[in-house]
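Let us walk through this model together, one region at a time. Keep the structure open beside the text as you read.

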Amino acid sequence: MITFILNNKTIKTSEHSGMTLLDFVRYEQRLTGTKIGCREGDCGACTVLVGTLKNDTIEYQSITSCISPLGNAHGKHIVTVEGTNLKNKLTATQEAMKANYATQCGFCTPGFVVSLTGFALSNSKKNYNNALDAISGNICRCTGYKAIEKAAQQMVSTLQNQKVDNSFNWLIENGFVPEYFSSIHKRLKDLETKDINQPKGKYVSGGTDLYVQQADHLADNSVHLIAEKNYLKGISIENNVCTIGTNSTVSDLWNHSKINNYIPNLKKHLKLVSSEQIRNMASFGGNLANASPIGDMTIFFLGLNSDIIIANEQEEERILPLKNFYQGYKTYDLKDGELLKAISFKLPTKQSFFNFEKVCKRTHLDIASVNSAIHIHIEDNVISEADVSIGGVAAIPKYLHETSKFLIGKSLTSETIIEANDVLQNEISPISDVRGTSDYKRLLGRQLFFAHFTELFPKKFTLNDFVQHA
């Protein structure tokens with residue numbers, strides 16, 4: 001039995017755990033404010049909030065319900081746009097949208113309202129940039145974003161008066177959420193949430209890859225939900241090695257203060273990966289196991305020369321370099337009954353540098369045409385270690401063995417980088433597809449490779465240093 005709180009109502013349902021949360025909300029509960037748009041997690045019209053009890057506090061995050069399995073709602077508080085409403089008046093978020101003329105046809109408006117309400121409820125700093133991040137996964141086709149951005153700014157101005165961060169009482173008193181929110185903490189603690197039945201079936205964590213491709217199939221067939229498996233969660237650092245459980249999300253990495261200190265541009269890199277809604281859902285294990293040749297986090301972890309820890313049903317483990325995991329298009333070294341348990345990698349030091357680059361048609365939440373990462377160690381202007389990865393130019397997420405090897409022992413000069421690009425071009429084999437021609441992808445591969453060095457060493461290199469290869 002799947003048990004959770006939907007707005008102010010306790011739900012107990014025997015519906016198939018693989019059906020989408022969106023379909024349950026709309027068709028079983030008739031809460032039609034949550035809209036059906038792209039059904040790929042791309043437009044944000046179906047955004048809902050998920051409240052999870054952690055360390056005796058509730059953390060709210062926005063997700064796209066169209067690609068989230070119903071079973072993942074078990075034990076949570078799910079909030080649709082109807083659940084944000086006040087009696088006989090607009091909420092502070094709705095009023096901000098109205099006052100700034102930030103709605104036109106209205107189809108996308110519930111998603112924006114829910115995302116901005118989630119921002120008010122979140123632990124993030126209440127500034128304008130974080131407000132814009134909150135709506136990075138919401139598309140409006142007719143209003144234009146300036147009015148919506150002004151609505152977000154109005155909310156920020158009000159929220160900055162909050163004395164205690166994430167105080168439900170303050171948010172209730174100031175009209176951001178209805179009064180019933182004050183009772184949710186106790187209700188979640190009292191909720192009877194025995195483990196739901198998990199038959200043998202397709203392993204599903206966040207669902208952000210699988211539900212884009214197979215939502216109807218997963219809704220009709222057995223799924224084995226693993227998003228709440230605690231042994232697959234967590235991020236730890238020991239002896240300069242970071243270990244990340246494969247159920248950890250991109251947001252978990254985003255919010256990890258220590259890793260942000262090791263990788264100063266981490267949030268800049270992760271903004272290229274997806275919108276906030278998807279960052280809140282997407283598991284690292286799912287991204288690796290999807291085996292997409294342009295999987296952003298796969299390229300990210302390949303660039304860090306990561307190892308993966310694989311566990312079987314008997315809890316026996318083996319360790320494998322991620323660069324040896326992929327065997328062919330969508331095939332990899334994973335046996336029946338095995339799961340990806342964790343990812344580990346050495347963190348950058350004062351002498352080493354990491355960068356991630358991506359070219360896509362949309363800033364947030366778009367599939368890469370080509371993406372690339374590099375981790376490079378410099379001693380006395382000599383490259384002592386190098387790991388380069390690239391996606392979109394081969395049948396697998398590509399670790400560039402030859403390019404990485406070529407760089408080691410070379411001086412950090414423009415001549416070295418230009419010669420390394422020649423090695424890179426011989427190592428990749430892009431094909432023409434809807435994302436671009438093979439020649440275009442070779443061009444992007446070269447430009448992203450050069451961009452690593454202009455980004456990491458801006459005082460030493462500019463694009464003009466490589467202009468003869470443009």
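**The sheet and its helices**

Strand β1 (residues 2-6) runs parallel to strand β5 (residues 77-79), and 2 bridges join them. Here helices (H or I, at least four residues) and strands (E, at least two) are DSSP runs, numbered from the N terminus, and two strands pair if DSSP finds at least two bridges between them. Within this pair, leucine 6 is opposite isoleucine 78 of β5.

Before going on, please note that this is a predicted model, in which local features need pLDDT of at least 70 and side-chain atom pairs count only at pLDDT 80 or more, while totals for chains, interfaces and linings use all residues. Residues are numbered from 1 along each chain as its sequence is written, and side-chain values use heavy atoms, with hydrogens and water left out.

Now widen the view to the open sheet, where 5 strands follow the order β2-β1-β5-β3-β4 with mixed pairing. At its edges are β2 (9-13) and β4 (57-64), each of which pairs on one side only. On average, neighbouring strands of the sheet are turned by 30 degrees against each other, direction ignored. For such angles, axes are lines fitted to C-alpha atoms, for helices over the stretch in contact, and angles run from 0 to 180 degrees between N-to-C directions.

Which helices lie across these strands? Helix α3 (residues 109-121) lies across β3 (47-54), β4 and β5, at about 25 degrees to β3. Helix α7 (residues 181-190) lies across β1, β2, β3, β4 and β5, and runs at about 100 degrees to β4.

Thr93, Gln94 and Met97 of α2 meet Thr109, Phe112, Val113, Leu116 and Thr117 of α3, where contact means heavy atoms within 4.5 Å. The buried residues of α2 are Ala92, Thr93, Gln94, Ala96 and Met97, and they pack against α3 and α5 (145-159). Buried means under 20% relative accessible area, exposed over 50%, partly exposed in between (1.4 Å probe, protein chains only). Just after α2, tyrosine 101 has a positive phi of about 55 degrees.

Let us turn to the nonpolar cores, each a set of buried Ala, Val, Leu, Ile, Met, Phe, Trp, Tyr and Cys residues joined through side-chain atoms within 4.5 Å. The largest has 64 residues, and Phe4, Leu253, Leu270, Met297, Phe300, Phe301 and Ile308 have the most contacts inside it. Helix α14 (residues 296-303) gives the most to this core, with 5 residues. A second, separate core of 40 residues includes Phe119, Ala131, Leu159 and Leu188.

Our last stop is strand β17 (residues 382-391). Why is β17 largely enclosed by the rest of the structure? The reason is that 7 of its 10 residues are buried. Strand β16 (residues 370-379) runs antiparallel to β17, joined by 9 bridges, and histidine 377 stands opposite glutamate 385 in β17. In their hairpin, with 2 residues between the strands, aspartate 380 takes a positive phi near 55 degrees. β17 also pairs in the antiparallel sense with strand β18 (residues 398-399) over 2 bridges, where serine 389 has tyrosine 399 as its bridge partner. This hairpin has 6 residues between β17 and β18, and glycine 392 in the turn shows a positive phi of about 90 degrees.
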